[in-house]
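Let's take a walk through this one together, starting with its charged pairs and ending up in the loops. Have the model open alongside and follow the residues as they come up.

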Amino acid sequence: MNIKNVVIICLFTILLTSCIKISSIQDCPDGVIEWVDIVMVQDIQYQHHFPEPADEHTPTTIEKGKKLGEVTYTMADSACSNHKMKNGDAAYLEEGTAIYEIKGYPSTLAIMANDKAYIVETNKKAKTAGELYPLGKLVKNIYIESTEDGSRIHTFSQTSKDNFLNAWLNLKLEDIETLHKNGHYEGSHVFIEIELNNGVTFREVYWAESNTFNSGIVGNKDIKDILEYELSNIRR
């Protein structure tokens, strides 16, 4: 993971409330590193999303599936920011921690370790939103959250949820650094929370002006119309 990736990750994790620990390593040229709770296995990086205080008591049901591997290197307090992650690397999970599938969910979407769910963060093989997040019929609800405290302020209608997920499948996935450089992550933004059927949640940040999500997904007219409609219901 090079320094540009760390900058990008921490830019979004300020919004995603996941830059949770600062490590100081004397032998590193940069010295102070902000880590997110990530792990890498099967050539995919996953991140654990911490629930907002208002959502902490949302029940989750995570059933352990087949073992995928285990943590072989803990990066916090050991790795520099130019460390390139490889399979078995984790920010905080201890070496030897087992990594498992979650029953009923594709491992390209979510895995579990230390009784916590991790959602895909980066998958270099994915070219579309549907390949990055193979959601299918796995979504219980989609919410709009407050950008002030992360609390849920609106729930998508069933029709909007279905239309959003259908449109989502074929959206293009672009390079995050290029989108950032071209100003796609400027202006007002909206927090979109996706709740899976098992209660696990994760957040996407959406910039309306560029019709772009923080994961590098670029929306189309259908996505823009759906979000504008749901946002208009809040403003009434």
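A salt bridge here is a side-chain nitrogen of Lys or Arg within 4 Å of a carboxyl oxygen of Asp or Glu. Keep in mind that this is a predicted model. With that said, Asp225 and Lys221 make a salt bridge, with 2.6 Å between the closest N and O atoms. Both residues sit in helix α5 (residues 221–235), four residues apart, or about one turn of the helix. Lys221 is exposed, at 61% relative accessibility, while Asp225 comes out as partly exposed at 33%.

Now look at Arg203 and Glu145, whose side chains meet in a salt bridge at 2.6 Å, N to O. Arg203 belongs to strand β15 (residues 201–207) and Glu145 to strand β11 (residues 139–145), so this pair ties together parts that are 58 residues apart in sequence. Both partners, Arg203 and Glu145, are buried.

Another one to find is Arg152 with Glu193, where the closest N and O atoms are 2.8 Å apart. Here too distant parts of the chain are linked: Arg152 is in strand β12 (residues 152–155) and Glu193 in strand β14 (residues 189–196), 41 residues apart. How accessible is Glu193? Its relative accessibility is 2%, and since buried means under 20%, Glu193 counts as buried. Arg152, on the other hand, is partly exposed, with a relative accessible area of 26%.

On to the nonpolar side of things. The largest nonpolar core has 50 residues, and Tyr133, Leu135, Phe164 and Leu196 are the ones with the most contacts inside it. What does Phe164 touch, leaving aside neighbours within four places in sequence? The answer is Ile142, Phe156, Phe213, Ile223, Ile226 and Leu227. There's also a second, separate core of 10 residues, and among its members are Ile33, Val36, Met40 and Met85.

Finally, two backbone details in the loops. Gln42 has a positive phi, near 45°, although it isn't a glycine. You'll find Gln42 in the loop between β3 (38–41) and β4 (44–47), and at 29% relative accessibility it is partly exposed. Asn211 is another non-glycine residue with a positive phi, this time near 55°. Asn211 sits in the loop between β15 and β16 (212–213). Is Asn211 buried or exposed? With 9% relative accessibility, Asn211 counts as buried.

Terms used. Residues numbered from 1 in each chain as written. Predicted model: local features only at pLDDT ≥ 70, side-chain atom pairs only at ≥ 80, totals over all residues. Heavy atoms only, no water. Core = buried A, V, L, I, M, F, W, Y, C linked by side-chain atoms within 4.5 Å. Buried < 20%, exposed > 50% of the residue type's maximum accessible area, 1.4 Å probe, protein only. Contact = heavy atoms within 4.5 Å.
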